[in-house]
Amino acid sequence: MVIERRWKKWVYFYIPLTLFVIGTLFPFYWMFITAIRPDAELYRSWRAVNNTPFWTLAPTLDHFKDLLAKTTFPQWLWNTFFIACASTAISLFCGLLAGYALARLKFPMAGALGTSIFVTYLVPPTLLFIPLADIIRSFALGNTPWALILTYPTFLIPFCTWLLMGYFKTIPKELEECARIDGATRFGAMLRIIFPIAVPGILSAGIFAFTLSWNEFIYALVFLSSPEKKTVPVGVVSELIRGDIYFWGQLMAGALLGSIPVALVYSFFVEYYVTGLTGSVKG
Amino acid sequence: MKKPIAGGSARVEVLAPPRTARRGGGGAWLENERLLAAMLLTPTVLLLGLFIAYPFVMGVWLALSSTSVGNVGEFVGLRNFQKAWDDSIFRTAFWNTTWYTAWATVFKLTLGMWLALLLNRNFRGKRLVRASMLLPFIVPTVLSTFAWRWMFDPTFSVLNWLLFRGGFITNKLPFLSDGAYGMWCAIAVNTWRGMPFFAITLLAGLQTINPDLHEAASLDGANGWHRFWKVTWPLLKPVTLVVVVFSIIQTFSDFQLIYVLTGGGPANSTHLIATYAYQVGVATGLLGEGAAISLFMLPVLFVVVWLQLRYLRRLET
Amino acid sequence: MAQVLMKDLNKKYDEVHAVKDVNLHIRDKEFIVLVGPSGCGKTTTLRMLAGLEEITAGEIHIGERLVNDLPPKDRDIAMVFQNYALYPHMTVYDNMAFGLKMRKFPKAEIEKRVRDAAEILGIHELLKRKPRQLSGGQRQRVAVGRAIVRHPQVFLFDEPLSNLDAKLRVQMRVELKKLHNRLETTAVYVTHDQVEAMTLGDRVVVMKDGWIQQVGEPLELYAHPTNKFVAGFIGSPAMNFADVTINDTGGVVTAESQGLRLQVPPAKAGALRAYKGQSVAFGVRPEDVHMATASDPAGLTFDATVEVVEPLGSEILLDVRAGGSTGSSTTTIVARVEPTVRAKVKDPIKLAVNPDRLHFFDSKTEQAI
């Protein structure tokens, strides 16, 4: 490549990159700092002396303690985790089977079905939540985690299906044919040969589905009413504000703790997540 | 053995295809292509049918009725839609949603593309940077939006403090207490949140472009900007298009961000279609009217996707 | 009894009629090769035999059974694929044992069969490795081993040597033949390479455009091709063709084209008389064209000018243009001559043909006359 002069490199590369990194990560930093700052520091007036605008000399864990002891936050964490795992499992199950059928099997209406699964993705939850609320109630699922576990797959399955479809298409057909000659039924070949090979794809789809479930808000807001049944996003929004007063320290502590599980899972599987993200777009 | 006539006149009587074997009830679906496909697709079709198709139809029916909570309504035709259209708050919300989606998408695309180009080089710590850049997208929107809300706080905003100390302003900026400012703040947060999605996907697209093309172009005398427009951008168009459409669908139907950031206020000036539908349908309990409001999203989404499909098809030929 | 019988076999994909009226009786223990250019239907026929494609019309019998409706796993066959199709997530041992595990063989029996096959193929040291750690040749052996352990009634091979480099291909060819002699199992082998077909097959089936062109032992196809396509397909370098006009002057039948005037030998003269005045296709293999000597009768010789000399070491191929010094004829012939022949480009040369090895084909039907 053409050799660039040093100053060019700094102006066109290092500085913009640094700005991006700072801009992207600052809100998290601020979240963190707020969570460990004592209330006195948080709520001081502007004109007060402020020697440490961006860090604190008296870090405190009070906000975290209050959060865990005085609210049902731990319960929310568990709820969210349980619901995310269950919906991911269901979506992977359906996505695996459907993805295989659409990628490998010939049957009438294959194209139409594939398209209709695509079309369901275009119907956003914010369009369906009103009629769904009614349906959930009539199934007596209101205010239970099952309301979410059964509805989250509606936006997770199309995504998992495409991702896995694309993945299956890269596996050579001869492998299944050989397995069928060796003695497996079509179903057996799918189970014993194709699925084990597709594990990276399954992981990608699973990670992506997990983070998407954790992030969901409107269904959780509408279908859950008891405080102890809520998920983290809904709980933080609705329960940590008492009488119009925002307890920012606690709020940020909650936001931080609520983000960490997902961020942790993500950090172990970054490559898989990125593959999932880019794979779904390609198609 | 028949001696064939070379090239031959095909005197073929093609018999009807052989009957597919039914070797004992249980075994057939494991082997038969059509039966197996039916079985494999059943769970998906059931779930999606029950929780998308059925509610969708119900939603349309609701929108055409006067149902409210605890009160089964009757068919009222297009009255709810008419009412929404006459409602000034709704018109504001519709305009807001369009404004919000348009600007956010433009910013996300530009910044995302820029970041993708930067990340396409090799440098120390690249993997770490790339992984951390996705955090805004990973972390639940509601939680990170709260952090932004704190950063925009009327009294304690750190941003105001910085600008003040930097000498840029003398009075606090009314970030969330003014309608216009509020929308721009929302656009900023949405950009912050969605830009990584663009960046990472475009980066993957960039990595499929053969570097030889760039070398050939610079040998031909093209500088960086030219190279981007003539070589990179045309090859990236398909991926960009798909990403943009996904993003438009998500942004147009967005709910969480505004709900947390402003709640639709002040004075209903920052509502989006989705948040207003919630306010009318759930908070106020007017289910029919709320459903009608949310249905207004459908035509826009439909047109966007249709345009994308057409453009993609043209690109492919 | 593992004979294979295909009766009136047809395959249609929407508009494309890929396999047309194939009738073939493969005897027990026979090694039969289906050969032909791309798209001739050979692979489709094999896949119908395997059960991987549905049969549009016709019947296939393996042994005593009609197998049309049987899934692949119930046909008692084994197949070796062009790109080996080894299961990447399993070791070599598990790859070979898979079929037996599916059929619930006892562990001891599986162990024995796998080790035996590995010994035969020389891959017993690779049993614990995964496919990605093997070379092309090794993978191919594992693929063959996987087929052997099943002790099937019929082996199917779908261009198994195509992905190997030339040297390895020749080596594996010999090994496959030896393996067949040892195992004595019916084998159906598909290839586009006529050399493989000739060297491996007990009988060879030449296919084109979905039709069987000819079935027979290799040398039969070589010496007595039934049509122009088979004549041109079998044998390397390919047979020379020229359009000639048949004349009958005073009882002597001649075949003439620009630069070429040959007297048709008595064996063919009878049939060719019916074509008097018409144009037919004439064929002669390069190895049946030699330098003219005094003992060659005039009716079997012709003059030519050398255009290209290809010395191969064991022989020389001369590309010549028939016709004397005028050099304007369109008839070009390739002759295979002794390596001692000294000929240079533009040299005039006199060549003779072997009268027992002349072929004539009807211009319209392309059938041998």
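This report looks at a chain contact, a sheet and a helix in a predicted model.

## Ground rules

Residues count from 1 along each chain as its sequence is written, while chains are lettered from A and ligands numbered from 1 in the order in which they are written. Because the model is predicted, local features need pLDDT of at least 70 and side-chain atom pairs count only at pLDDT 80 or more, but totals for chains, interfaces and linings use all residues.

## Where A meets B

Here 70 residues of chain A are in contact with 69 residues of chain B (contact: C-beta atoms, placed from the backbone, within 7 Å). Helix H1 (residues 6-36) of chain A gives the largest share of A's side, 12 residues. Helices (H or I, at least four residues) and strands (E, at least two) are DSSP runs, numbered from the N terminus.

## A sheet in chain C

Chain C has an open sheet of four strands, ordered E2-E1-E4-E5, with antiparallel pairing (strands pair if DSSP finds at least two bridges between them). Strands E2 (16-26) and E5 (65-66) of chain C are at the edges with a single partner strand each, so one side of each has no neighbour in the sheet.

Seven bridges join E1 (residues 4-13) of chain C to E2(C), and Val4(C) sits opposite Ile26(C).

## Helix H3 of chain C

In H3(C), the buried residues are Arg113(C), Val114(C), Ala117(C), Ala118(C) and Leu121(C) (buried: 20 or more other C-beta atoms within 10 Å of the residue's own; exposed: 12 or fewer; partly exposed: in between; C-beta atoms placed from the backbone). They pack against helices H2 (92-102) and H4 (136-148) of chain C. Turned away from that buried side are the exposed Ala108(C), Glu109(C) and Glu119(C).

Terms used:
Two residues are in contact if their C-beta atoms, placed from the backbone, lie within 7 Å.
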